[in-house]
Amino acid sequence: MSSSSALKHKLQARRSLSYLALVLLSTLVMLAAIRQHWQLLSISTLPLINLIFGLQHWWRYRPQFSFSAEQLWLVDSGEQAPWLWSQRSRVGLGFCLVVAQRQGERRYWLVFADSAEDSDYRRLCAVINLLA
């Protein structure tokens with residue numbers, strides 16, 4: 001067992017209420033804009049489309065990966081090659097933006113604080129803060 005695999009942590013997110021609130025809030029903002037500016041009435045189906053796709057994505061979006069201070073491994077992807085942390089990863093107020101890269105390709109995940117176990121979320125934030 002290598003030293004990097006000994007320090008590997010698994011993050012398995014669940015549905016986030018924060019993300020659900022963002023979906024609902026974005027729909028309400030669209031409806032308020034249409035109500036204030038009647039010339040936007042022709043795009044009145046956009047809030048409904050936003051709500052449908054937002055709820056569908058919220059229902060299915062549960063990032064899962066293992067990580068160490070040096071690398072990330074996608075869970076259930078069948079890929080053996082690890083992903084490297086990108087310097088673009090950031091910690092925000094109540095969420096972490098995870099950016100991984102491999103051979104010119106980038107992957108992005110947004111992990112909300114209420115979607116992961118507290119200890120896993122804190123480890124993830126600590127690793128990202130070490131990158132800065």
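Let's start with I52, which lies in helix α3; helices here are DSSP runs of H or I with at least four residues, strands are E runs of at least two, and both are numbered from the N terminus. I52 is partly exposed, with a relative accessible area of 48%. On this scale, buried means under 20% relative accessible area, exposed means over 50%, and partly exposed is in between (1.4 Å probe, protein chains only). The C-alpha atoms of I52 and T27 are 9.8 Å apart, although 25 residues separate the two along the chain.

Before we go on, a word on the model: it is predicted, so local features need pLDDT of at least 70 and side-chain atom pairs count only at pLDDT 80 or more, while totals for chains, interfaces and linings use all residues. Residues are numbered from 1 along each chain as its sequence is written, and side-chain values use heavy atoms, leaving out hydrogens and water.

Now look at how α3 (residues 46-60) meets helix α2 (residues 17-36): their axes come within 9 Å and cross at roughly 175 degrees. Axes are lines fitted to C-alpha atoms over the stretch in contact, with angles from 0 to 180 degrees between N-to-C directions. That makes α2 roughly antiparallel to α3, a label for angles over 145 degrees. Contact means heavy atoms within 4.5 Å, and among the residues making it are Y19, L20 and T27 of α2 and L46, P47 and W58 of α3.

Next, the aromatic rings. A pair of aromatic rings is described by the distance of the centres and the angle of the planes. Rings of Phe, Tyr and Trp (its six-membered ring) pair if their centres lie within 6.5 Å; planes under 30 degrees apart count as stacked, over 60 as edge-to-face and the rest as tilted. The count comes to 6 aromatic pairs. Y19 and F112 form a stacked one, with 5.7 Å from centre to centre and 15 degrees between the planes. Y19 lies in α2 and F112 in strand β7 (residues 105-112), so this pair ties together parts that are 93 residues apart in sequence. Both Y19 and F112 are buried. Elsewhere, ring pairs link F65, F67, W85 and W109 into a cluster.

Finally, visit S115, in the loop between β7 and α4 (118-131). S115 is buried, with a relative accessible area of 3%. Leaving aside neighbours within four places in sequence, S115 is in contact with Q12, A13, R14 and S16.

Conventions: Parallel < 35°, antiparallel > 145°, perpendicular 65-115°, else oblique.
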